[in-house]
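Q: I have just opened this one and would like a guided look around. Could we start with the open spaces and then move on to whatever comes up?

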Amino acid sequence: MTQHREERLRLSRRRFGLLALSLPFWSASAPAATLMSDLLARASTPRAPDELWVLVDDHEARLSVFRGDRMVERFSPISLGRGGARAERTRGDRATPLGEFRVTRFNYQSKYRTFVGLDYPTPTHARMALNAGVYSQQDYDDYFSYYRRHGAPPQDTVLGGYIGIHGIGVADPEIHRRFHWTDGCVAVTDRQIDTLSSMIDIGTRVVIR
């Protein structure tokens with residue numbers, strides 16, 4: 001094994017280890033509503049006085065960027081999934097997942113102007129899926145096996161994937177103003193996604209509640 005590959009493996013294992021250690025010790029039988037409400041209660045406050053983080057509010061249909069406790073930018077109205085926003089999402093239901101996420105990638109050639117990818121499904125979503133019987137124990141084990149190997153969650157399980165924040169692009173701006181129209185992502189205008197993508201970076205925390 002080359003030194004470069006060894007360093008990559010160590011980094012991947014370190015990333016996964018830090019992720020796993022950050023998870024609370026939930027009861028295996030805890031209902032999804034409890035897991036998510038507890039998570040969102042903790043997530044909706046800054047981790048540090050100068051942390052730059054994003055809050056997406058389903059009820060208010062707005063996206064806010066914070067520096068610590070101070071709001072520095074707000075976009076409204078925004079559009080979410082046609083299936084609403086919920087703690088438990090499955091592939092094809094067009095719902096936006098609630099939870100705490102991290103930015104994983106930027107696609108500046110997206111048909112929706114810019115696509116800012118998020119690390120859905122998170123380990124919390126995997127645990128909820130196991131508790132609800134949506135994931136089998138094998139599915140759950142495969143999820144973490146994939147995460148260990150790739151440093152990112154699988155995108156092709158029953159929970160779906162490819163969730164992010166994007167602009168309008170080829171979509172209809174009038175529909176955006178009037179309806180929730182996405183397949184589960186968070187949509188803002190093209191001008192707003194330009195502003196947002198210039199402010200945030202890989203690893204920026206995004207809370208959808």
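**Pockets, rings and strands**

Q: What volume does the second largest pocket have?
A: The volume of the second largest pocket is about 200 Å³. Among its 14 lining residues, those closest to the centre are Tyr112, His166, Thr182, Asp183 and Cys185. Bear in mind that this is a predicted model, in which local features need pLDDT of at least 70 and side-chain atom pairs count only at pLDDT 80 or more, while totals for chains, interfaces and linings use all residues. Residues are numbered from 1 along each chain as its sequence is written, and side-chain values use heavy atoms, with hydrogens and water left out.

Q: How does that lining divide by residue type?
A: The lining of the second largest pocket divides into 6 nonpolar, 5 polar and 3 charged residues. Here Ala, Val, Leu, Ile, Met, Phe, Trp, Tyr, Cys and Pro count as nonpolar, Asp, Glu, Lys and Arg as charged, and the others, Gly among them, as polar.

Q: And how many cavities of 30 Å³ or more are there?
A: The count comes to 1 cavity of 30 Å³ or more, and the largest cavity holds about 60 Å³ of space. On a 1 Å grid over the protein atoms alone, a cavity is a set of points where a 1.4 Å probe fits but cannot get out, a pocket is an open set with protein on both sides within 12 Å along at least five of seven lines, and lining residues have an atom within 4 Å of a point. Points are joined across faces, edges and corners, and a volume is the space filled by probe spheres set on them.

Q: Which residues line the largest cavity?
A: The largest cavity is lined by Ala87, Glu88, Arg89, Thr90, Tyr120, His125, Met128, Ala129, Val134 and Leu159, a lining that divides into 6 nonpolar, 2 polar and 2 charged residues.

Q: Where do His125, Met128 and Ala129 sit, and are they buried or exposed?
A: His125, Met128 and Ala129 are among the buried residues of helix H3, where buried means under 20% relative accessible area, exposed over 50% and partly exposed in between, with a 1.4 Å probe and protein chains only. Helices (H or I, at least four residues) and strands (E, at least two) are DSSP runs, numbered from the N terminus. Just after H3, Gly133 takes a positive phi of about 85°.

Q: How far is Met128 from Thr34?
A: Their C-alpha atoms are separated by 9.9 Å, although Thr34 and Met128 are 94 residues apart along the chain. Thr34 belongs to helix H2 (residues 32-43) and counts as partly exposed because its relative accessibility is 33%.

Q: Switching topic, how many aromatic pairs are there?
A: A search of the whole structure finds 8 aromatic pairs. In one of these, Tyr140 and Phe144 have ring centres 5.0 Å apart and planes at 75°, so the pair is edge-to-face. Rings of Phe, Tyr and Trp (its six-membered ring) pair if their centres lie within 6.5 Å, with planes under 30 degrees apart counted as stacked, over 60 as edge-to-face and the rest as tilted.

Q: Why are Tyr140 and Phe144 about one helical turn apart?
A: Tyr140 and Phe144 are separated by about one helical turn because they are 4 residues apart in helix H4 (residues 137-150), and both are buried. Tyr143 and Tyr147 form another edge-to-face pair, 5.8 Å centre to centre with 75° between the planes. Tyr143 is buried at 1% relative accessibility, and Tyr147 is buried at 7%. Ring pairs link Tyr135, Tyr140, Tyr143, Phe144 and Tyr147 into a cluster.

Q: What about the strands, and in which order do they come in the open sheet?
A: The open sheet has 8 strands in the order S3-S2-S1-S10-S6-S7-S8-S9, with mixed pairing, where two strands pair if DSSP finds at least two bridges between them. Its edge strands are S3 and S9 (186-187), each of which pairs on one side only. Strands S2 (residues 62-67) and S3 (residues 70-75) run antiparallel and are joined by 5 bridges, with Phe66 opposite Met71 in S3. Strand S1 (residues 52-57) pairs with strand S10 (residues 205-208) in the parallel sense over 4 bridges, and Val54 has Val206 in S10 as its bridge partner.

Q: Last one: what does Thr114 touch?
A: Leaving out residues up to four places away in sequence, Thr114 touches Asn107, Tyr108, Ile165, His166, Gly167, Ile193, Asp194 and Ser197, where contact means heavy atoms within 4.5 Å. Thr114 lies in the loop between strands S6 (99-107) and S7 (115-118) and counts as buried because its relative accessibility is 3%.
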